[in-house]
Amino acid sequence: MLLARVAEQLYWAGRYVERAEVTARVVNEHTHLLVDLPTSVPLTWEPLLAVPGLREEFDAAYPAPDEPHVVNFLLADRDNPVSVLTTVMTARTNLRTAREVLPREAWQAINDLYLYVTSHHTDGVGRHSRGRFLGRVIGEIQRFAGIVAGTMCRDDAYHFLALGRHVERADMVGRVLDVRAVALLDGPQLATVEGATRDDGADVPIVHDEVQWAAVLRTLSGLEAYYRRGLAPVSGHATVDFLLCDPDFPGSIRYCLDEVLTVLAGLPHAEAGRTAAHATHRTLDRLVTAPLDGLHAGLAGLQVAVAALHEQIEASYFPPPPPPPLSGPVPPGDAARTEIEMAGRSE
Amino acid sequence: MTIADDRVRGRERTRSRERPAPTAATADSRPLWDELLDADGQPRPAAGALVEHIRGLGLSELQARQDAADLDILGMGITFTVYSDGRGIDRAWPFDVIPRVIDAAEWRTIEQGLTQRLTALNRFIDDVYNDQEVVRDGVLPAEVLAGSANFRPACRGAHPAYGVWAHICGSDLVRDADGTVYVLEDNLRVPSGVSYLLENRLVSKRAFADLFAHQSIQPVDDYPDELLSLLASLAPDVDEPTIAVLTPGLHNSAYFEHSFLAQRMGVALVEGDDLFVGPDDHVQMRTVAGPRRVDVIYRRVDDRFLDPEVFEPSSLIGVPGLMRAWRAGKVAIANAPGAGVADDKVVYAWVPDLIRYYRGEEPILPNVPTYRCLYDDERRHVLDNLRELVVKPADESGGYGLVIGSQASDAELAAVGHAIEDEPRRWVAQPRLALSTVPTLCDGRIEGRHVDLRPFVLSGRSSYVTRGGLTRVALRKGSLIVNSSQGGGSKDTWVVEAPAATTATTTAAAGASAPA
């Protein structure tokens, strides 16, 4: 019997841990790309701001979307609610209030991650120390995930952590594909790297597609799985198909939705959640069969469906607490998330 | 002496017995008592192996183990919350690696003394909320009860299981310069610290693994099991009771402990908002599967905030209707609401009398001699000797409002003198004790620092006392303030069987004799 409040903390912790990992991987792979691509290919950092969808917030706080600023924003900015620093802090705060249902080692793993990130986040900004920083962040998150997978009973506490992770992963895969793949797919007339121009003012065409597609796969930890599926060499169409709907790769959107359905099958009052998950599945099916030039619109639709799934989970399991007896803050609609983020900042 | 003799004894006789000698020595001139070393610097018998081990390690290795312990604490997330700028920040738990050792023979006496004390306190609480025979028999003046801030009229007539109200007690013990162990106060409302006692042991086992392998140090980790079975025994008539720990929330300074105990017992950790009381007076918690009945609540929320319908109406962390459910017998609450009536510094002065009254025995553990300003002669003595005394308000805890005469300014003394005259019932005074010390690693040196000891006592169908307790240490030189929020730290506490030939005879002077 899991308290609704604790379930919500676990669900959000699952989401934040996953978000921290994908954000770390996005920055890590983009940095590798710099090394892999010839210097003649300009690589800007600006598109990464579209992954969290926080371009306006970035512009308000930073002078230019160059590497140090974008990386700082994504990794180390306390005011960015989805930076690696903030998401790790928030995940830890959430798990502190759910510590009684976690294995001790899982708590220690998240606490180690928190101690490391809060004391080393500036290491991620400089290029020379970035790989080490991000490698450690990803490794600690994997350690946490491994302890959870290996030692937690498959009870409601586990289910809500898993629910959060899979909903977030489905969302993040869509976001990464939208930002990275759509730019690569959008045909010769748009085959430019955003913001980059030659000295003569003409657009710079994107080259070395296969390197960039491989980077997309690596960002989502899918390159080796892609090879194992016999899909080599790396191509745009196959990559998109693989990440959207491979039934066996844990990083595909289809797999995440299947997992959501599996988890919901073990939870009470899951009918509305299952309906929303099936609807998301159908949106995914339409996206897979649609022509690739509609990918951007399709992914936008998918994000809406994932958001609807999230709202359904929230409505089914996390009812707002009763209003306080006298005065006090009355929770607005998205209060849970705001509160959790605020709590994360208050450390 | 039989119980009957004791119960008819009048107030005057009680007072003359308990009144401290007017010439009680002040602390400052006497040599301090060290818990590990005797006056010649030789290890006390039970501490022999430890002292020898530490000497063998040398300072730099000891420092290395201290550093490793600090890292363990950080990594294990053992924290407490301090308040700064209105925000709660969790800090690593301050721990000194050198343990405090207590001779097992002495501990057996302390354990008996605590059990005796808690039995009497529980009978007292049950009495004051029911027949008040203790007042009728002239043992406790009616005005003491009437003036108690922690007496809850809403609890009159309640009968919790086994007549026990204070299920969990943390009593603070101190040792004076002559070696006597005194009870300084009994924390009967929401005492905290037991999780740190258990965690300190984990950390200390790593630091001194070799000693644990070769010495019989009594284990402490059965406490949560004992607590769980105590809580389960309180449940109303249900087969598999649902138990929950009620916390004020993440920003409470003891949140770590609430979470620790809930996890260790495998029960839910609830906040006020997670609970509600239905029209059938059953307490329900909001789970993902809908409401689920709760049978036993281990509450870590003060009485005043438990139920806005009965106590503080503006409380946001309480559960409306909880008292109704408790009075209807639908839920057990530990500690019972109102148990704090015995946690009052004026009532404290009567505890030895209460032990005699309810148990017909002499107290095994002495109280610190206490002047009750309620009485003219004792008040006059206090007012004439403020400089030598420690003056305490009755209804505060955690050192709030306490005035140490020797450290106060003339103006402060004058102010507290007026306060005593205005409200004599609110004040007691005690001679200043010279708290014992334990060698402590400070700034790369080993020096004695003052300590107290908080054992935890569980009371229900039977009693249980932790083996040892939480040793709190004032890390600042000369300081007597052991609170972690004010520069205090902690130590692991080892109850050790001393080598047979040299068993120490340092048990509490006034209580060493067996009960009559």
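Mentor: Let's start with "contact": two residues are in contact if their C-beta atoms, placed from the backbone, lie within 7 Å. In chain A, 68% of the contacts with a separation of 6 or more are between residues 24 or more positions apart. For chain B, 71% of the contacts between residues at least 6 apart in sequence join residues at least 24 apart.

Mentor: A bit of housekeeping. This is a predicted model, where local features need pLDDT of at least 70 and side-chain atom pairs count only at pLDDT 80 or more, while totals for chains, interfaces and linings use all residues. Residues are numbered from 1 along each chain as its sequence is written, and chains are lettered from A and ligands numbered from 1 in the order in which they are written.

Trainee: How confident is the predictor about chain B, on average?

Mentor: The average pLDDT (the predictor's confidence in each residue, from 0 to 100) is 88 in chain B, and 90% of the residues score at least 70. Watch the ends, though: pLDDT stays under 50 over residues 1-27 of chain B, and again over residues 502-516 of chain B. The whole model scores ipTM 0.78 and pTM 0.85.

Trainee: How many helices and strands does chain A have?

Mentor: Chain A has 14 helices and two strands, whereas chain B has 16 helices and 22 strands. Those are DSSP runs numbered from the N terminus (helices: H or I, at least four residues; strands: E, at least two).

Trainee: What makes A:Y11 count as buried?

Mentor: A residue is buried with 20 or more other C-beta atoms within 10 Å of its own, exposed with 12 or fewer, and partly exposed in between. A:Y11 has 27 C-beta neighbours inside 10 Å, so buried it is. You'll find A:Y11 in helix 1 of chain A. Beyond four places in sequence, A:Y11 is in contact with A:F160, A:L163 and A:G164. A:Y11 also sits 4.9 Å from A:L161, C-alpha to C-alpha, although the two are 150 residues apart in sequence.

Trainee: And why is B:Y162 called partly exposed?

Mentor: B:Y162 has 15 C-beta neighbours inside 10 Å, so it counts as partly exposed. B:Y162 lies in the loop between helix 7 and strand 4 of chain B, and has a positive phi of about 60° without being a glycine.

Trainee: Why does B:D443 get the label exposed?

Mentor: B:D443 has 7 C-beta neighbours inside 10 Å, so exposed is the word. B:D443, too, has a positive phi, near 50°, and isn't a glycine; this residue is in the loop between strand 17 and strand 18 of chain B.

Trainee: Why are helix 7 and helix 8 of chain A called roughly antiparallel?

Mentor: Angles under 35 degrees count as roughly parallel, over 145 as roughly antiparallel, 65 to 115 as roughly perpendicular and the rest as oblique. The axes of helix 7 and helix 8 of chain A cross at roughly 170° and come within 11 Å. The pair is therefore roughly antiparallel. Helix 7 of chain A brings A:V176, A:R180, A:A181 and A:L184 to the contact, and among the residues from helix 8 of chain A is A:W213.

Trainee: At what angle do helix 5 and helix 14 of chain B pack?

Mentor: About 80°, with the axes of helix 5 and helix 14 of chain B 9 Å apart. So helix 5 of chain B is roughly perpendicular to helix 14 of chain B.

Trainee: Which residues touch the most other members of the largest nonpolar core?

Mentor: A:A7, A:V176, B:L121, B:I125 and B:A244, in a core of 244 residues. Helix 7 of chain A gives the most to this core, with 16 residues. A core here is a set of buried Ala, Val, Leu, Ile, Met, Phe, Trp, Tyr and Cys residues joined through C-beta atoms within 7 Å. As for A:A7, the residues it touches beyond four places in sequence include A:F160, A:Y317 and B:V288.

Trainee: How many residues does the contact take from chain A and from chain B?

Mentor: Chain A gives 26 residues and chain B gives 24. On the side of chain A that touches chain B, helix 5 of chain A has the largest share, five residues.

How values were computed
Axes fitted to C-alpha atoms, helices over the stretch in contact; angles between N-to-C directions.
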